[in-house]
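Here is a short briefing for a reader who is meeting this structure for the first time. Please look over the sequence and the model before reading on.

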Amino acid sequence: MNSMPSILNATAQPAQELCDKHIELKVNLFGRVVCKSCAKEFMKQVHVEHEAEKNQAVREKHFAGAMLPSRHAQSGFRNYQVKNNGQQIALTQCSTFAKDINNGMNRNLIMVGRTGTGKTHLSCSVAKNVLNDRKYARYITSEDMANEIANAWKKADDSEASAIHRFTEYDLLILDEYGLHDRHENRLQLVHKVLYSRYDEKKATMLISNMTIDELQKDLGDRLWSRFQHDGLTIVECNWNDSRVGGGV
């Protein structure tokens, strides 16, 4: 864009014809007979289209890096089905949480409830809102994250510390199925290390579990539970029936 005038001056050859739009003498520019104003408008449009393509590529990269479940590729706040007051409250809480993150308020959210109550749908909806704001988000189960960190030492170019750092860097970490398959003490410690690290870096975390709040508080321990609340904590309780088997009320 900055070099456009010099390019026009260097290559333009008079064509002895006026532009109807700009009432300027047209020039022969790389085989195109246009006035200089038309040429500038064309180059501006090319720049706009290039930026749009670049932004789309960045957006696709962000979404791919979030690793949201394929089943929830189309899940969002707009198609979340509300059939009772509890679901409406959960939707509002998660929507507000996403807006707060996009506004720079890095706090935490805990979502608890039985299976099939739409927790993953809502969490992916939050992630998409954050990703659309060009922030970085990552969805992963507690078990998979623990395994990835534990296996890092087997790789020549990785380490436990590096793996923990990677999970710390995301603007939003969605940690699903906490308390389900992460019961091995050493693996659970790795999960907690990530949560401590994210607290230290003031990063937002969304923790999802089938545990009750009391069970979850006990499992996290007093120190981690205290830190989870420090910058503000939203608790979403999904206590309705399993929608996968015809419930949801």
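In which kind of crossing, left-handed or right-handed, does α6 pass α7? In this predicted model, the crossing of α6 past α7 is right-handed.

**The packing of α6 and α7**

- Helix α6, which covers residues 160–169, packs with helix α7, residues 185–200, at an angle of about 50 degrees, and their axes lie 9 Å apart.
- Because of that angle, α6 counts as oblique to α7.
- On the α6 side the contact is made by E160, I164, F167, T168 and E169, while α7 contributes L190, K193, V194, S197 and R198.
- Sorted by class, the residues of this contact between α6 and α7 comprise 4 nonpolar, 2 polar and 4 charged.

**The cavity**

- Rolling a probe the size of a water molecule over the atoms shows where empty space is left.
- The count comes to 1 cavity of 30 Å³ or more, and the volume of the largest cavity is about 90 Å³.
- The lining of the largest cavity is formed by N106, N108, L195, R198, Y199, K202, K203, T205, L224, R227, F228 and D231.
- Two or more residues of that lining are given by each of the elements α7 and α9, the latter spanning 222–230.
- By class, the lining of the largest cavity holds 4 nonpolar, 3 polar and 5 charged residues.

**Where the two topics meet**

- R198 of α7 takes part in the contact with α6, and R198 is also listed among the residues that line the largest cavity.

Technical notes. Residues numbered from 1 in each chain as written. Predicted model: local features only at pLDDT ≥ 70, side-chain atom pairs only at ≥ 80, totals over all residues. Heavy atoms only, no water. Axes fitted to C-alpha atoms, helices over the stretch in contact; angles between N-to-C directions. Helix = DSSP H or I, 4+ residues; strand = E, 2+ residues; numbered from the N terminus. Parallel < 35°, antiparallel > 145°, perpendicular 65-115°, else oblique. Left-handed = near helix turned anticlockwise from the far one by under 90°. Contact = heavy atoms within 4.5 Å. Nonpolar A, V, L, I, M, F, W, Y, C, P; charged D, E, K, R; others polar. 1 Å grid on protein atoms, 1.4 Å probe; cavity = no way out; pocket = protein on both sides within 12 Å on 5 of 7 lines; lining within 4 Å. Points joined across faces, edges and corners; volume = space filled by probe spheres on them.
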